[in-house]
Amino acid sequence: MNRTEAIELMERRFRERVKKDPKIRNAYMLIHCNRHNIHLNMAEGFTGDMPANPQQQFHIASIGKLFVSVLTGILYEQGKISYEDRITQFFDDDLLENLHVYKGKDYTDQIKVKHILNHTTGLQDYFEDKPKHGKSMLDMIFEEPDRRWSPTEIIIWAKENLKSHFPPGTGFHYC
């Protein structure tokens, strides 16, 4: 199979798969290979009433954790980070202040890189946990779909609206 045939096959199979499954509202595919001079950036389906656009932003959900794990592993191999490092060495004190308060005690200084990677920080899941009062993050995202939340804004919102679940390393809670 030559390059053109391979590209056409990938495009066709992607589009057929998305159209075939009624559970898939939209899908995105990016394939890039310098060696074979291939760059496919495709979208299929609909976002609301609009056709999906390969350039539009979208939430990658749990796949983000895969990227974080791989990048952390690379930094570990390069000797730039340890799984035992505490997060306090990577973030500003004002952002970390009262980040992880559980039963009146602040555990922020005990959170390690390994806790983040294996969901044992005890921290809130800003996306799924229900707030003490007010709207959930998911509700706010649906109400303001064009708003872009910075990581700092999300951390501050979570500190102010959600509760921690347990001390670091003593349980599991997806976050």
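In which helix is Arg3 found? Keep that question in mind as you go through these close-up views of a predicted model.

Figure 1. Arg3 is found in helix H1, which covers residues 3-20. Once neighbours within four places in sequence are set aside, Arg3 is in contact with His36, Asn37 and Ile38. Take Ile38 as an example: this residue and Arg3 are 35 residues apart in sequence, yet their C-alpha atoms are 8.1 Å apart in space.

**Figure 2. Asn37 in the loop between strands E1 and E2.** Here we visit one of the contact partners of Arg3. Asn37 sits in the loop that links strand E1 (26-33) and strand E2 (38-47). Its relative accessibility is 56%, so Asn37 counts as exposed. Now look at the backbone: most residues other than glycine have a negative phi. Asn37 is not a glycine, but its phi is positive, at about 55 degrees.

**Figure 3. Helix H2 and the glycine that follows.** Helix H2 is made of 15 residues, 63-77. You can check its length yourself: at 1.5 Å a residue the helix should span 21 Å, and its end C-alpha atoms are 22 Å apart, so the two values agree. Which residues of H2 are buried? They are Gly64, Thr72 and Gly73, and the buried residues of this helix pack against H4. After H2 comes Gly79, which has a positive phi near 75 degrees.

**Figure 4. His119 and Lys130 in the loop between H4 and H5.** This loop lies between helix H4 (113-117) and helix H5 (137-143), and Lys130 is found in it. His119 has its place in the loop between H4 and H5 too. Is His119 buried or exposed? At 11% relative accessibility, His119 counts as buried, whereas Lys130 is exposed, with a relative accessible area of 68%. The phi of His119 is positive, about 60 degrees, although His119 is not a glycine. Lys130 and Lys163 are 33 residues apart along the chain, and their C-alpha atoms are separated by 9.0 Å.

**Figure 5. Helix H6 and the helices it packs against.** Helix H6 runs over residues 151-161. Its buried residues are Ile154, Trp157, Ala158, Lys159 and Asn161. What do the buried residues of H6 pack against? Their partners are helix H3 (93-96) and H5.

**Figure 6. Stepping back to the whole protein.** Along its principal axes, the C-alpha trace spans about 60 × 45 × 25 Å. Buried residues make up 31% of the 175 residues. Among contacts between residues at least 6 apart in sequence, 58% join residues at least 24 apart. The accessible surface comes to about 12400 Å², and 54% of it belongs to carbon and sulfur atoms. Finally, there are 24 positive and 25 negative charges, and their mean positions are 6 Å apart.

Conventions. Residues are numbered from 1 along each chain as its sequence is written. This is a predicted model: local features need pLDDT of at least 70, side-chain atom pairs count only at pLDDT 80 or more; totals for chains, interfaces and linings use all residues. Side-chain values use heavy atoms; hydrogens and water are left out. Buried means under 20% relative accessible area, exposed over 50%, partly exposed in between (1.4 Å probe, protein chains only). Contact means heavy atoms within 4.5 Å. Accessible areas come from the Shrake-Rupley method with a 1.4 Å probe; for residues, only the protein chains shown count as cover. Lys and Arg count as positive and Asp and Glu as negative; His and the chain ends are not counted. The place of a charge is taken as NZ of Lys, CZ of Arg, CG of Asp or CD of Glu. Helices (H or I, at least four residues) and strands (E, at least two) are DSSP runs, numbered from the N terminus. The expected span of a helix is 1.5 Å times one less than its number of residues.
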